[in-house]
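Colleague: I have a few questions about how the terms for this model are applied. Could you take me through them?

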Amino acid sequence: LGTVVRRKSDPITGETGGPNADNPAIDDTEYEVLMPDGTEQTYRANAIAENLWQQCDAEGNEFTVIREIINHRFDETAIRIGDEKATVTGPDGDERPAMTTKGLQLEVELNNDATIWVPMADLKYSNPVELAEYAYNNDLLDEPVFKWWAPKWLWERHRIVKKAVPKYWRKWKSSIEKEMCKIDSMEVFEPIEGITPEQARKSVAPLIGYQEIKCHMIFDVKMDGTCKSRFVAGGHTTETPASLTYSSVVSRESVRTIFTIASLNDLKVLSCDIGNAYLNAPCKERIWFVAGPECGKHKGKVCKLKRALYGLKSSGASWREMFSNFIQEKLNFKPTTMDPDVYIRRATRADRTGDYYEYLLVYV
């Protein structure tokens with residue numbers, strides 16, 4: 001988190017001047033900002049304002065959320081393993097770990113990508129489970145600051161999860177099977193027989209020029225309480241040309257205009273959602289992956305993607321192109337000049353009293 005320290009002065013005149021616009025979004029006045037590492041960097045007023053807006057909700061309340069604990073440090077006041085104060089004697093004469101949080105700070109990454117150092121006492125109060133997991137992953141559970149409480153938290157978490165899994169697994173298992181049945185029926189991927197993953201990574205035929213990615217399941221609970229599973233690709237690991245990824249959508253101005261026309265003329269406005277839309281389009285990228293346990297009998301096999309699987313950078317553009325071609329060639333819609341995602345078609349009234357136009361708005 002940086003601190004604005006001064007307005008940047010002109011290198012020739014030495015003058016600072018004032019804001020050059022009343023609206024901070026277009027104010028390009030330069031300021032010197034002191035960064036956490038002690039360096040100073042120059043930022044324009046509009047960039048600073050945008051950063052402040054990102055840290056506030058709709059009502060102007062500032063908030064930051066801890067994304068991850070990334071580092072720790074002890075100071076000279078910390079009680080370490082082997083210190084005399086690491087244990088205390090209870091009323092029954094037994095030695096117990098000392099209840100202390102002194103001397104430990106943790107570096108955390110926030111939702112705005114900034115990093116700050118936080119005293120352990122504050123983090124234990126706000127994020128005890130994450131802190132206990134960090135201690136476990138970094139072999140810190142025997143340190144006095146963790147020994148008196150962290151193992152208990154980890155055990156309690158394990159007990160709750162273990163108790164919940166049998167109850168809910170049946171729902172998720174059914175959801176996974178439903179998703180993979182759909183994947184199979186739409187022939188989303190094709191197993192390549194006789195090729196091992198090691199051979200595929202050497203770009204042997206028929207996978208010459210193909211990129212390897214990982215596919216996995218993601219899970220969500222919908223608004224109606226049903227469990228939703230989706231098989232997705234790790235498209236963030238691929239190098240995809242921009243020409244394959246760009247996909248336009250209908251503009252807000254077009255939506256407002258069409259709604260206004262419909263309201264003035266007392267016309268019906270219908271909407272629909274196309275289920276599993278992307279899977280109807282071909283995959284534009286050359287992709288292969290090793291099938292996981294969710295793929296059933298194909299587990300461990302090298303598979304080639306045939307359809308635009310969710311998660312690929314090119315899937316949105318691929319589906320938009322396929323859908324646009326379909327509604328133009330099969331349904332006789334034509335894209336408008338002002339907005340290519342607003343389609344128009346001339347039609348005749350049911351009572352044969354005249355013609356009218358139908359509009360179709362597409363948002364991928």
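Colleague: What share of the contacts with a separation of 6 or more comes from residues 24 or more positions apart, and what makes a contact?

Modeller: A contact means heavy atoms within 4.5 Å. In the protein chain, residues 24 or more positions apart account for 58% of the contacts with a separation of 6 or more. Before we go on: this is a predicted model, where local features need pLDDT of at least 70, side-chain atom pairs count only at pLDDT 80 or more, and totals for chains, interfaces and linings use all residues. Residues are numbered from 1 along each chain as its sequence is written, and side-chain values use heavy atoms, with hydrogens and water left out.

Colleague: Why is serine 254 called buried?

Modeller: Buried means under 20% relative accessible area, exposed over 50%, and partly exposed in between (1.4 Å probe, protein chains only). Serine 254 has 13% relative accessibility, so it counts as buried. Across the protein chain, buried residues make up 31% of the 364 residues.

Colleague: Where is serine 254 found, and what is it in contact with?

Modeller: Serine 254 is found in helix α8, residues 252-264. Leaving aside neighbours within four places in sequence, serine 254 is in contact with Asp339, Val342 and Leu361. Helices here are DSSP runs of H or I with at least four residues, while strands are runs of E with at least two, numbered from the N terminus. The protein chain has 9 helices and 17 strands.

Colleague: What makes β16 and β17 a pair?

Modeller: Two strands pair if DSSP finds at least two bridges between them. Strand β16 (residues 342-348) and β17 have 7 bridges in the antiparallel sense, so they pair under that rule. Threonine 348 stands opposite aspartate 355 in β17. The open sheet has 3 strands in the order β15-β16-β17, with antiparallel pairing. Its edge strands are β15 (334-335) and β17 (355-361), each pairing on one side only.

Colleague: How many bridges join β11 to β12?

Modeller: 7 bridges join strand β11 (residues 215-221) to strand β12 (residues 227-233), and the two run antiparallel. Cysteine 215 stands opposite alanine 233 in β12. This hairpin has 5 residues between the strands, and glycine 225 takes a positive phi near 90°.

Colleague: How does the radius of gyration compare with that of a compact globule?

Modeller: The radius is taken over C-alpha atoms, and the globule rule is 2.2 Å times the number of residues to the power 0.38. A compact globule of 364 residues would have a value near 21 Å, but the protein chain has 29 Å. Along its principal axes, the C-alpha trace spans about 95 × 70 × 50 Å.
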